[in-house]
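Thanks for making time this morning. I would like to walk through a few local features of one model, so please have the sequence and the coordinates open while I talk.

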Amino acid sequence: MHPRAFKQIDVFTDRPGYGNPVAVVLDANGLSDDDMRRFAAWTNLSETTFLLPPTDPGRAAGADYRVRIFSPNGELPFAGHPTLGTCHAWLQAGHTPHQSGMVVQECALGLVRVQHSLGTLAFAAPALQRSAPSPALVPLIASALGLRPPQILGAQLLDNGPRWLGLLLDSADTVLNLRPDHARIKDLGQDVGVVHVGPEAADTARPGVVVRAFAAPMGNPEDPVTGSLNASLAQWLIADGLAPRSYLVAQGECLGRAGRVQICQDDAGQVWVGGRAVTCIEGTALL
């Protein structure tokens with residue numbers, strides 16, 4: 001064991017304590033899988049990340065660094081707020097990307113591009129696989145959430161590494177007033193994201209979309225602000241004409257947070273998921 005540079009970053013906010021935290025170990029060379037799993041379980045955050053040099057194929061493809069992402073329950077191929085928080089920590093540590101204004105991250109899912117400009121970071125949403133859920137699943141989840149069938153306007157299974165059941169709901173109040181049975185959701189084994197798109201969603205100066213994420217199967221009953229979920233929801237909703245190409249998401253209010261997620265689809269059809277990040281803790285961790 002020896003001291004390793006460590007930061008804890010709050011993501012999707014510029015006010016410490018109002019976003020979603022991620023722990024970042026800036027030098028994970030020499031750590032085993034068990035070391036990483038143990039430390040991630042100890043931090044007890046939704047995710048802890050470990051920075052490494054790119055693999056040879058990753059370096060050849062332009063990666064600036066490699067990251068491994070762990071929840072308390074194990075490794076994840078990709079996650080949104082850890083991607084932005086890790087990039088923020090890497091840049092703050094004085095590193096310079098190969099390409100100005102664009103960091104290329106290597107993770108288990110592959111290469112992920114992260115734009116950075118004027119204090120805002122945005123990752124390119126990974127390719128999405130989506131499908132209609134089983135007809136039996138939605139009523140079970142609805143019951144666990146306390147939803148009535150008319151309140152559900154649409155449902156899709158969304159997979160961009162993490163796998164979510166996305167539910168489009170009829171109002172912001174419906175989203176915010178949910179009191180889920182987290183134990184039941186855990187038994188059903190399906191993480192759930194709920195969203196409402198308001199009539200003012202095209203006005204990106206204020207949040208016009210509200211989201212909540214229930215991830216008891218991953219060990220996190222409600223996630224404060226969720227990059228991967230917002231990425232997959234945006235790809236679904238924009239593609240189906242259910243949301244504008246750019247909008248601002250509010251997430252976390254029910255947990256006393258005030259996360260803000262910026263969504264933008266560029267002219268090439270790529271969805272970008274962005275926000276601000278702030279360092280709350282930095283020093284060393286004995287690992």
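Let me begin with Phe12, which sits in the loop between β1 and β2; helices (H or I, at least four residues) and strands (E, at least two) are DSSP runs, numbered from the N terminus. This is a predicted model, where local features need pLDDT of at least 70, side-chain atom pairs count only at pLDDT 80 or more, and totals for chains, interfaces and linings use all residues. Residues are numbered from 1 along each chain as its sequence is written, and side-chain values use heavy atoms, with hydrogens and water left out.

Although Phe12 is not a glycine, its phi is positive, at about 70 degrees. Phe12 counts as buried because its relative accessibility is 1%, where buried means under 20% relative accessible area, exposed over 50% and partly exposed in between, with a 1.4 Å probe and protein chains only.

Asn44, in the loop between α1 (33–43) and β3 (48–52), is likewise not a glycine and has a positive phi of about 60 degrees, but at 59% relative accessibility Asn44 counts as exposed.

Now to strand β1, residues 3–11, which is largely enclosed by the rest of the structure because 7 of its 9 residues are buried. β1 pairs in the antiparallel sense with β2 (residues 20–25) over 6 bridges, pairing being assigned if DSSP finds at least two bridges between two strands, and Val11 stands opposite Asn20 in β2. With β17 (residues 271–286), β1 also pairs in the antiparallel sense, over 9 bridges, and there Asp10 stands opposite Val278.
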